[in-house]
Amino acid sequence: MLSKMVRTVANQLIVFIVIFGLYVIAHGQVTPGGGFQGGAVIVSGVVMLLVAFNSKELKKSLRERTLSIMESTGALIFAALAFAGIGTAFFYNLLVGTPIFGHVPPTGANPGDIWTGGVVPLMNLAVGIKVVAGLSAVVLAMALFSSGEEVEE
Amino acid sequence: MEQMPLNFPFLAAALLVGIAFFIIIFKRNLIKLIMGIAMMASGVNLFLVALGYRAGGNAPIYTDVPPGPMVFPVPQALTLTSIVISVAVLALMLTMVIRIYRHTGSLDSEKSRRMKG
Amino acid sequence: MRKVVGLIAFLILLGFLVWGVLLIHPFGYPSPAYMDDYIIENAQEETGNNNVVASVVFDYRGFDTLGEATILFTAVTGVLLVLRTLKRKEDGS
């Protein structure tokens with residue numbers, strides 16, 4: 001547990017880091033970025049909280065059962081979206097042209113439009129949730145083991 | 001744009017892989033071995049990205065792109081997958097080192113060679 | 001003995017690396033690739049994305065991303081399995 005100044009600054013900075021990570025995940029089809037990159041940004045914010053506070057304090061907010069349910073949900077949604085277009089092929093992009101994420105952008109250089117992409121933005125969200133839950137569980141388990149605690153189920 | 005003398009990006013990737021191979025063969029500390037494996041992964045990723053570059057090309061994204069040719073997008077997608085896989089394998093290796101240190105008390109790879117009961 | 005074998009293997013690998021750097025194509029002028037040219041021209045109509053790399057990762061080669069998600073899941077499960085200390089009950093149950 002570091003001094004009071006470090007704890008206060010970490011409490012204020014975590015909001016901006018999470019918002020920036022969600023921005024990188026959500027704009028995956030317009031700018032460089034996507035699911036894996038935005039998930040890594042949010043995990044670096046969680047590591048900053050782990051350094052500022054004690055690992056026993058952080059265990060009360062991030063229980064392992066919640067993280068496990070989040071990771072399994074992300075993987076199941078990804079697999080369900082892959083099986084949705086099984087009528088034509090595996091991984092068929094079936095939302096191009098329909099009113100959900102279905103605009104087709106004009107060919108060539110253009111200012112970007114978020115409401116495009118088909119199945120890809122939903123897959124970005126599922127992979128982002130999976131990466132955040134998985135990597136923060138790994139970091140929390142390593143910190144708890146090194147300080148002599150017991151990792152519960 | 002004239003040609004680069006001596007192919008500098010490929011030379012840097014070969015240097016990284018060569019130094020990492022030297023570390024893996026000749027060092028005995030476990031943490032240094034893991035650092036050597038991570039360095040070899042970085043060298044391979046750099047080589048993959050440098051394979052698909054076209055002279056004077058832009059990034060393969062159509063939002064406000066200046067006119068000109070684009071670089072190849074497929075090696076960049078393969079490098080993304082490779083980076084995530086190397087992170088997963090590195091996390092598993094570090095937990096094994098934590099368990100070995102808790103069990104034997106030293107980080108030397110020569111002291112934990114024989115399998116005891 | 002072990003150091004001599006290691007030195008010979010390291011010198012052979014160094015020879016292969018130097019030979020590869022001298023014989024590769026000059027940086028910036030690769031051989032023509034027909035798959036990448038097809039993907040660059042037709043990715044905006046077929047998938048509706050502006051980002052060609054995201055459409056390659058999730059649409060044209062989505063099977064590799066499925067395998068990578070499985071590897072991430074397996075690694076997280078393996079780490080949480082190794083770092084576990086069970087409470088030993090004193091009464092033999």
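Biologist: What percentage of the 117 residues of chain B count as buried?

Modeller: In chain B, 15% of the 117 residues count as buried. A residue is buried if 20 or more other C-beta atoms, placed from the backbone, lie within 10 Å of its own, exposed if 12 or fewer do, and partly exposed in between. This is a predicted model, in which local features need pLDDT of at least 70 and side-chain atom pairs count only at pLDDT 80 or more, while totals for chains, interfaces and linings use all residues. Residues are numbered from 1 along each chain as its sequence is written, and chains are lettered from A and ligands numbered from 1 in the order in which they are written.

Biologist: How many helices and strands does chain B have, and what counts as one?

Modeller: Chain B has 3 helices and 0 strands. Both are DSSP runs numbered from the N terminus: helices are H or I with at least four residues, strands are E with at least two.

Biologist: Why are H1(B) and H1(C) called roughly antiparallel?

Modeller: The axes of helix H1 (residues 8-26) of chain B and helix H1 (residues 2-23) of chain C come within 10 Å and cross at roughly 170 degrees. Axes are lines fitted to C-alpha atoms, for helices over the stretch in contact, and angles run from 0 to 180 degrees between N-to-C directions. Angles under 35 degrees count as roughly parallel, over 145 as roughly antiparallel, 65 to 115 as roughly perpendicular and the rest as oblique. H1(B) and H1(C) are therefore roughly antiparallel to each other.

Biologist: Which residues make that contact, and what is in contact by definition?

Modeller: Two residues are in contact if their C-beta atoms, placed from the backbone, lie within 7 Å. Among them here are B:Phe10, B:Leu11 and B:Ala14 of H1(B), and C:Gly6, C:Phe10 and C:Leu13 of H1(C). By class, this contact has 13 nonpolar, 3 polar and no charged residues. Ala, Val, Leu, Ile, Met, Phe, Trp, Tyr, Cys and Pro count as nonpolar, Asp, Glu, Lys and Arg as charged, and the others, Gly among them, as polar.

Biologist: How many residues of chain B are in contact with chain C?

Modeller: 38 residues of chain B are in contact with 35 residues of chain C. The largest share of the chain B side, 12 residues, comes from H3(B). That side divides into 28 nonpolar, 8 polar and 2 charged residues.

Biologist: What does chain A give to its contact with chain C?

Modeller: 30 residues of chain A are in contact with 24 residues of chain C. Helix H4 (64-83) and helix H5 (120-146) of chain A each supply at least two residues of that side, and H5(A) gives the largest share, 10 residues. The chain A side divides into 17 nonpolar, 11 polar and 2 charged residues.

Biologist: What radius of gyration does chain A have, and what would a compact globule have?

Modeller: Chain A has 19 Å, whereas a compact globule of 153 residues would have a radius of gyration near 15 Å. Chain A has 5 helices and 0 strands, and buried residues make up 33% of its 153 residues.

Methods. Rg over C-alpha atoms; globule rule 2.2 N^0.38 Å.
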